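Here's a quick tour of a protein model, written to be read with the viewer open. Have a look around first, then read on.

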Amino acid sequence: MNVYDQVMSALATWDWHPHQRSASSLMREFGTGPGVLVVLIDALQHEEWVIRERAAYVLGEIRDRRAVRPLQALLDDPRAVVRFHAVYALEKIGDPRALDSLLAALDARGVRRVTATLHVGAGTFLPVKDEDLGRHRMHAEWGEVNAEAAAEINATRAVGGRVIPVGTTALRLI
């Protein structure tokens with residue numbers, strides 16, 4: 001079976017939950033050859049949303065900057081889960097534009113938002129190298145939610161509104 005067929009078959013038949021897969025297990029399954037990246041990027045345009053979702057997730061774990069532009073195209077995907085994994089992948093790659101399209105869409109819908117700042121450690125962008133996540137060492141982080149943002153968040157919660165952090169760093173902070 002050629003690389004294309006192997007990767008596409010794995011994406012289509014994978015019995016998985018993305019947050020339980022480590023980068024090392026993904027690399028063992030897909031390999032590290034140059035053809036793998038090409039197939040995964042190609043899979044971002046697949047007609048089946050589950051293939052696009054899984055390809056975006058794997059590209060985030062691989063963290064290859066060549067996937068940034070194709071992943072950005074997924075930010076307009078009709079499926080929310082595909083858009084989520086595209087943002088996740090862009091964030092993992094460290095692309096500062098990861099959230100631009102999402103924030104613009106929220107603004108267009110009149111969603112109120114506040115900004116919080118999390119200063120991440122260098123370890124945020126290091127791949128997980130161990131199957132046991134408990135042994136993965138994270139670097140120190142610190143953050144700030146200013147008084148105005150905290151008041152807005154608390155007021156929204158007080159009336160039963162939803163507070164939705166955009167991005168895993170925002171989630172960790174608030």
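What share of the 174 residues in the protein is buried? The answer is 34%. Keep in mind as you read that this is a predicted model.

**The overall picture**

Counting secondary structure gives 9 helices and 2 strands. Walk along from the N terminus and the order is α-α-α-α-α-α-α-β-β-α-α, so read with the DSSP runs in mind, helices and strands are numbered in that direction. The protein exposes about 10700 Å² of surface, and 53% of that comes from carbon and sulfur atoms. As for how the chain folds back on itself, take the contacts between residues at least 6 apart in sequence: 60% of them join residues at least 24 apart.

**Helix α1 and its two partners**

Start with α1, which covers residues 3–13. It packs with α3 (residues 34–43) and with α4 (residues 49–62). Here are the two pairings next to each other:

| Pair | Axis distance | Angle | Handedness | Residues by class |
|---|---|---|---|---|
| α1 and α3 | within 9 Å | roughly 50° | right-handed | 9 nonpolar, 1 polar, 1 charged |
| α1 and α4 | 9 Å | about 110° | right-handed | 6 nonpolar, 1 polar, 1 charged |

Which way do α1 and α3 lie relative to each other? Their axes cross at roughly 50°, and they are therefore oblique to each other. On the α1 side, the contact is made by V3, Y4, V7, M8 and L11, while α3 brings G35, V36, V39, L40, D42 and A43. Sorted by class, that contact has 9 nonpolar residues, with 1 polar and 1 charged.

W14 sits in the loop between α1 and α2 (23–30). Is W14 buried or exposed? Its relative accessible area is 7%, so W14 is buried. W14 and I51 are 37 residues apart in sequence, yet their C-alpha atoms are 10.0 Å apart in space.

Next, find R63 in the loop between α4 and α5 (68–73). With a relative accessibility of 15%, R63 counts as buried, because the cut-off for that label is under 20%. The backbone is worth a look here too: phi of R63 is near 60°, a positive value in a residue other than glycine. Most residues other than glycine have a negative phi.

Finally, go to V145, in the loop between β2 (142–144) and α8 (147–158). At 33% relative accessibility, V145 counts as partly exposed. Which residues does V145 contact, leaving aside its neighbours within four places in sequence? They are A116, A150, I153, L173 and I174. V114 is 31 residues from V145 in sequence, and the C-alpha to C-alpha distance between V145 and V114 is 9.1 Å.

Conventions
Residues are numbered from 1 along each chain as its sequence is written. This is a predicted model: local features need pLDDT of at least 70, side-chain atom pairs count only at pLDDT 80 or more; totals for chains, interfaces and linings use all residues. Side-chain values use heavy atoms; hydrogens and water are left out. Helices (H or I, at least four residues) and strands (E, at least two) are DSSP runs, numbered from the N terminus. Buried means under 20% relative accessible area, exposed over 50%, partly exposed in between (1.4 Å probe, protein chains only). Contact means heavy atoms within 4.5 Å. Accessible areas come from the Shrake-Rupley method with a 1.4 Å probe; for residues, only the protein chains shown count as cover. Axes are lines fitted to C-alpha atoms, for helices over the stretch in contact, and angles run from 0 to 180 degrees between N-to-C directions. Angles under 35 degrees count as roughly parallel, over 145 as roughly antiparallel, 65 to 115 as roughly perpendicular and the rest as oblique. A crossing is left-handed if the near helix is turned anticlockwise from the far one by less than a right angle, and right-handed if clockwise. Ala, Val, Leu, Ile, Met, Phe, Trp, Tyr, Cys and Pro count as nonpolar, Asp, Glu, Lys and Arg as charged, and the others, Gly among them, as polar.
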